[in-house]
Amino acid sequence: LHSFPTRRSSDLGNVMTLEDGAAEAEVKIRTPRHAWVWQLVLGVCWLAWVGAMQREHRVLFALLMLFVSGAMVARAIWSRTFGVDLTREAAIVRRFRTRSIPWQEVQAVVRYKPGGPSGGGVELIIEGGKPVLLPAPTSIFGLGAAQFETDYHRIDQWWLAHRGEYWRHAR
């Protein structure tokens, strides 16, 4: 018989928290499902509508809608790769083009809340006060709010752990 170590209450001090382990490995945060699925569904519905319009001999309009719905489906699939990679040196923002923002240039990590029902996103405020809206994490109509909070906290902790000992607030 094998004996397995039991966990004592004195061992709880060794449990790694998010704050302790925030800087241990690289992290990839991608666009959540609720942010791209609606585009995919709408694009597919429009593709079905195009088939119905073609039967009514509205060929020019059907071709235009075919292009629009195809672009919407392609964008939905492509947006699954959007997000942010957290490395020791920088936040790598992945959208249509990739941008690397060194942690030393980041002045703050803030929640972005636009008007309306959208839950918003996360912004990095870089030197000079310029905000950079991250493509992920996002929360829309309250969907994914718990994951949004976890990812926001992870980005904030990562910045605090990697901004460097010589980091100074730029005025």
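**View 1. Strands β3 and β4 side by side.** In this predicted model, β3 and β4 pair in the antiparallel sense over five bridges. Two strands count as paired if DSSP finds at least two bridges between them. Helices (H or I, at least four residues) and strands (E, at least two) are DSSP runs, numbered from the N terminus. A note on the model: local features need pLDDT of at least 70, side-chain atom pairs count only at pLDDT 80 or more, and totals for chains, interfaces and linings use all residues. Residues are numbered from 1 along each chain as its sequence is written, and side-chain values use heavy atoms, with hydrogens and water left out.

**View 2. The open sheet.** Four strands make up an open sheet in the order β1-β2-β3-β4, with antiparallel pairing. Because β1 and β4 (98-102) stand at the edges with a single partner strand each, one side of each is left without a neighbour in the sheet. From one strand to the next, the twist averages 15°; axes here are lines fitted to C-alpha atoms, for helices over the stretch in contact, and angles run from 0 to 180 degrees between N-to-C directions. As a reminder, strands of a sheet pair through backbone hydrogen bonds, either parallel or antiparallel.

**View 3. The largest nonpolar core.** This core has 21 residues, and those with the most contacts inside it are Leu86, Val109, Leu124 and Ile155. A nonpolar core is a set of buried Ala, Val, Leu, Ile, Met, Phe, Trp, Tyr and Cys residues joined through side-chain atoms within 4.5 Å. Buried means under 20% relative accessible area, exposed over 50%, and partly exposed in between (1.4 Å probe, protein chains only). Two or more residues come from each of β1 (27-30), β2 (83-86), β3 (90-94), β5 (106-112), β6 (118-126) and α4 (145-162). The largest share, five residues, belongs to α4.

**View 4. Around leucine 86.** Leaving aside neighbours within four places in sequence, leucine 86 is in contact with Glu26, Val27, Ile29, Ala91, Trp103, Arg154, Ile155 and Trp158. Contact means heavy atoms within 4.5 Å.

**View 5. Asp85 and its arginines.** The side chains of aspartate 85 and arginine 94 meet in a salt bridge at 2.7 Å, N to O. The term stands for a side-chain nitrogen of Lys or Arg within 4 Å of a carboxyl oxygen of Asp or Glu. Aspartate 85 is buried at 6% relative accessibility, whereas arginine 94 is partly exposed at 27%. Arg30, Asp85 and Arg94 are linked in a network of salt bridges. The structure holds four salt bridges.

View 6. Arginine 111 and glutamate 149 meet through their side chains in a salt bridge (2.5 Å, N to O). This pair links distant parts of the chain, with arginine 111 in strand β5 and glutamate 149 in helix α4, 38 residues apart. Arginine 111 is partly exposed at 38%, and glutamate 149 is partly exposed at 37%. Aspartate 151 and arginine 154 also form a salt bridge (3.4 Å, N to O); both lie in helix α4, three residues apart, about one turn of the helix. Aspartate 151 is buried at 7%, while arginine 154 is partly exposed at 22%.

**View 7. Arginine 163 after the helix.** Arginine 163 sits in the segment after α4 and is partly exposed, with a relative accessible area of 21%. Beyond its neighbours within four places in sequence, arginine 163 is in contact with Trp103 and Gln104. Arginine 163 and alanine 90 are 73 residues apart in sequence and 8.9 Å apart in space, C-alpha to C-alpha.
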